[in-house]
Amino acid sequence: MTVCEYKPGLEGIPAAQSSISFVDGQQGILEYRGIRIEELAEKSTFLETAYLLIWGALPTQEELAEFETEIRYHRRIKYRIRDMMKCFPETGHPMDALQASAAALGLFYSRRALDNPAYIRKAVVRLLAKIPTMVAAFQLMRKGNDPVQPRDDLGYAANFLYMLNEREPDPFAAKVFDACLTLHAEQTMNASTFSARVTASTLTDPYAVVASAVGTLAGPLHGGANEEVIEMLEEIGSVENVRPYLEELFRTKAKIMGFGHRVYKVKDPRATILQGLAEQLFAKYGDDQHYDIAVELEKAIEEKLGHRGIYPNVDFYSGLVYRKLGIPTDLFTPIFAIARVAGWLAHWKEQLGENRIFRPTQIYTGDHQVDYIPITERG
Ligand code: CMC
């Protein structure tokens with residue numbers, strides 16, 4: 001066997017052959033099944049995009065209608081899942097609640113039939129349908145309220161905002177939120193997708209696949225960055241403070257949240273679209289006091305770090321959009337997860353089609369032939 005050079009973080013090492021999405025990090029291009037993200041964000045819907053990602057082609061009108069109906073039908077969660085979630089501490093992070101709830105679905109729908117297309121379809125539908133309900137239910141229950149039932153007359157994005165805020169959203173807000181879900185649905189071999197594929201390769205159930213990916217997405221170097229961006233903008237506090245704040249970050253060599261990417265060396269195309277959506281929301285619903293700070297920060301970082309390919313990533317402007325939609329900061333990453341379930345499931349399905357268990361190697365750096373010292377003789 002050829003011994004490969006060790007690459008920390010597996011940088012540049014292909015972990016799969018995939019036809020789901022494509023990124024050109026030098027030109028700032030992202031495509032789902034060959035279709036540019038800009039086009040999907042403008043013309044498609046999240047559920048149509050999820051169908052595209054998972055089944056490989058845009059659905060016909062009948063196929064989409066059937067898929068949407070199935071999703072509507074499966075949006076409710078069992079009362080025992082709700083009761084379990086009621087016992088979660090209200091101070092717990094919603095990503096931890098989501099990971100536990102996603103894993104718990106496996107207790108209720110445990111029959112595993114990975115070679116049966118009907119089982120795969122049902123699992124896809126259940127996960128896409130129930131994850132938003134679980135995120136909204138935890139949000140209401142941690143405030144001491146009962147969760148609200150999903151509404152069958154509302155679309156996917158509008159229903160989520162309704163379950164979260166207990167009132168029907170403005171159609172424009174729902175449309176913007178739906179576009180955000182489309183933008184976050186898939187992004188090649190990122191950490192959580194890799195995690196999903198590794199878990200999938202053991203032929204475990206899809207609920208475990210999604211739960212493992214949720215846990216991976218939660219970290220601040222991945223999906224958790226969107227939450228930290230808002231905290232950073234609040235800490236900066238004013239446009240005048242952007243450059244002194246940045247100098248301090250450089251001095252302490254701290255990472256600037258929402259900037260940099262393993263693949264993109266220009267501005268992430270999703271950040272550009274999200275910035276546009278944020279501006280549309282501000283025009284309709286009023287300004288955000290931190291937007292000018294964000295723009296100034298982007299300018300200052302481009303001057304200082306642009307030559308090293310460090311630009312805004314998807315997490316930089318998404319928080320400002322979500323905040324304008326009335327979403328609390330610690331739900332930003334669960335919302336990322338709601339969208340990314342589509343990508344994880346597409347990779348789960350693709351992995352099953354050509355499965356071989358992931359079992360990389362390592363470069364051992366420890367000792368050999370070490371004597372066992374009895375505990376009484378250890379210094
Ligand atoms: N702020 C300051 N310096 C940075 C940043 C940043 N945000 N990102 C990269 N760098 C520097 C880094 O210090 C390193 O410098 P040097 O070569 O002198 O040691 C160089 O650029 C390469 O960085 P790296 O951390 O080795 O790059 P990576 O590909 O391993 O990490 C990253 C990519 C996204 C984890 C990193 O850019 C980062 O930590 N960014 C901040 C967190 C963030 O916004 N995460 C969201 C990622 S995009 C959406 C998602 O995946 O969820």
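T133, A136, A137, L140, P147, V148 and M163 line the largest cavity. This is a predicted model, in which local features need pLDDT of at least 70, side-chain atom pairs count only at pLDDT 80 or more, and totals for chains, interfaces and linings use all residues. Residues are numbered from 1 along each chain as its sequence is written, and side-chain values use heavy atoms, with hydrogens and water left out.

A cavity here is a set of points, on a 1 Å grid over the protein atoms alone, where a 1.4 Å probe fits but cannot get out; lining residues have an atom within 4 Å of a point. The structure holds 1 cavity of 30 Å³ or more. The largest cavity contains about 30 Å³ of space. Volume means the space filled by probe spheres set on the points, which are joined across faces, edges and corners. Helix α6 (residues 117-142) gives the largest share of this lining, 4 residues. Helices are DSSP runs of H or I with at least four residues, strands are runs of E with at least two, and both are numbered from the N terminus. The cavity lining has 6 nonpolar, 1 polar and no charged residues. In this scheme Ala, Val, Leu, Ile, Met, Phe, Trp, Tyr, Cys and Pro are nonpolar, Asp, Glu, Lys and Arg are charged, and the others, Gly among them, are polar.

Now the largest pocket. A pocket is an open set of grid points with protein on both sides within 12 Å along at least five of seven lines. The volume of the largest pocket is about 1600 Å³. Its lining has 47 residues, with L221, G260, H261, R262 and V263 nearest the centre. Those 47 split into 24 nonpolar, 13 polar and 10 charged. At least two lining residues come from each of β1 (21-24), α9 (191-200), α12 (242-251), α15 (314-324) and α16 (332-353).

The ligand takes up the space of the largest pocket. To sit there, more than half of a molecule's atoms must lie within 2 Å of the grid points. Around the ligand are 19 residues, the closest being H222, K255, I256, F259 and R262.

Polar contacts are pairs of N or O atoms within 3.5 Å. A backbone N or O atom of L221 is 3.0 Å from a ligand nitrogen. At G258, a backbone N or O atom lies 2.8 Å from a ligand oxygen. R308 uses its side chain: an N or O atom there is 2.8 Å from an oxygen atom of the ligand. The protein covers 66% of the 920 Å² of accessible area that the ligand has on its own, by the Shrake-Rupley method with a 1.4 Å probe.

Technical notes: A residue is near a molecule or strand if one of its heavy atoms lies within 4 Å of it. A polar contact is a pair of N or O atoms within 3.5 Å; within protein, one must be able to donate a hydrogen and the other to accept it, and residues adjacent in sequence count only if both atoms are side-chain atoms.
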